[in-house]
Amino acid sequence: MKKVAFYTLGCKLNYSETSTIGRIFQERGFEKVEFTDTPDIYVINTCSVTDNADKKCRKIVKEAQKHSPNAFITILGCYAQLKPKEIAEIPGVDAVLGAAEKFQLVDILDGFTKKEKAEVYASPISEANTFHNSYSFGDRTRTFLKVQDGCDYSCSFCTIPLARGNSRSDTIENVVRSANEIAESGVKEIVLTGVNTGDFGLQDGERVETFFDLVKELDKVENIERFRISSIEPNLLKDEIMEFVAQSNRFMPHFHIPLQSGSNKILKLMRRRYQRELYADRVSKIKALMPHCCIGVDVIVGFPGETEEDFIETYNFINGLDVSYLHVFPYSERENTLAPEMPGKVSIKERNRRADMLRILSEKKKRYFYEQNIGKEFTVLFEDDVKDGIMEGWTENYVRVAAKYDPVLVNEMKHVRLTGINAAGLMEAEETYTEVLKH
Ligand code: SF4
């Protein structure tokens, strides 16, 4: 039995796809092993958003060769689609597969026999037009379920449409079937994942279903206790979705909404499809419906043309929003996008300074959000990671709760009262029935 090991860079979507490719290998009689377990084959799933994607890819290939010098090394994922030839030149790489080919790799690379030169199978991205169902499983307590892929937007900083192709989706029927399958394996929480998740419902360029239809149908899947919407564009977060989530017991009060900038001038240069007023309106509406809701924000700082005044406008805008945490990204040039050609380049040092300022603001926002939840009761789903005898779990509204490790708690839902924030910034809690979780 040949052994295969995986390495994933990047986002939840990549994790769900690596996991699915792993199951394809297992169905075909391969054994899935750890990276260090001298596998016969390595599959490295790359990301194009990661800074220094090339450097990281080389490093992982080197590590793989160290652990298993004769292994067949395959590279796939977004970076493989964007730069197949460059990757094929990396010493040790045996095959590179693009977006349209990655799920067929066991057939394409029949036998995984090393050749003199790396094999490249990467069709133009326009050929990546089918949807391949994927979900992560066995790696985490939560499962990331891919419901949508690709993106038809053209944000001027983003390379994802070039790496993943046009927007396309699974059908509601298939997603519900996958959710039931996942439930049978004992998973309690599903995170809905996509490139532009709110754009769910396009089949061959035609809108046949909507994200709201999907949410309503998934809400009926009885054996999944929690669904989380991983990220949704503000212009696609419709009132009906917020109102539905507010009354649902299965959809968690947690939204992650990319903002990217709090300056309308920069939003326009970024080619985003909303202005800051719409964003503020979405946040107010959510909070009016669900005061305890957690709201995460993505922000890019140092975009070309962003002056100090524009940045301060963003800072003040976010400071005034009732949001719970930020994911901050210093702007980073990507080939074949419009932004690098724009005037007003911001120095790397300045990008990092602005990012640091927003990261401090994020800590303050998070602290404030956590403090507002102290004394309240929630249900925590505990995960299976243990560090220094401490395990963690998440409340409905994404407050991270620490507890003394107890194997019985893994993948269990416990009703708790939040008692205070510890030195590590995690919430402590006591069970509202018998066990005291506070350590
Ligand atoms: S919405 Fe914009 S940032 Fe998001 S994937 Fe599409 S093009 Fe990229």
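Me: Is Thr74 buried or exposed?

Reply: Please note that this model is predicted. A residue counts as buried when its relative accessible area is under 20%. Thr74 has a value of 0%, so Thr74 is buried. This residue is found in strand E4, which covers residues 72-77.

Me: Which residues is Thr74 in contact with, leaving aside its neighbours within four places in sequence?

Reply: The contacts of Thr74 are Ile41, Tyr42, Val43, Ile44, Ala95, Leu97, Leu105, Leu109 and Phe112.

Me: How should I read a salt bridge, and how many salt bridges are counted here?

Reply: Side chains of opposite charge can pair when their charged atoms come close. In this model the count comes to 40 salt bridges. One of them joins the side chains of Arg207 and Asp199, with 2.7 Å from N to O. Asp199 is buried at 7% relative accessible area, whereas Arg207 is partly exposed at 43%. Another pairs Lys220 with Glu217, whose closest N and O atoms are 2.8 Å apart. Here Lys220 is exposed, at 54%, and Glu217 is partly exposed, at 32%.

Me: Which parts does the pair of Arg353 and Glu308 tie together?

Reply: Arg353 and Glu308 form a salt bridge, their closest N and O atoms being 2.8 Å apart. Arg353 lies in helix H13 (residues 348-373) and Glu308 in helix H12 (residues 308-319), so the pair ties together parts 45 residues apart in sequence.

Notes
Residues numbered from 1 in each chain as written. Predicted model: local features only at pLDDT ≥ 70, side-chain atom pairs only at ≥ 80, totals over all residues. Heavy atoms only, no water. Helix = DSSP H or I, 4+ residues; strand = E, 2+ residues; numbered from the N terminus. Buried < 20%, exposed > 50% of the residue type's maximum accessible area, 1.4 Å probe, protein only. Contact = heavy atoms within 4.5 Å. Salt bridge = Lys/Arg side-chain N within 4 Å of Asp/Glu carboxyl O.
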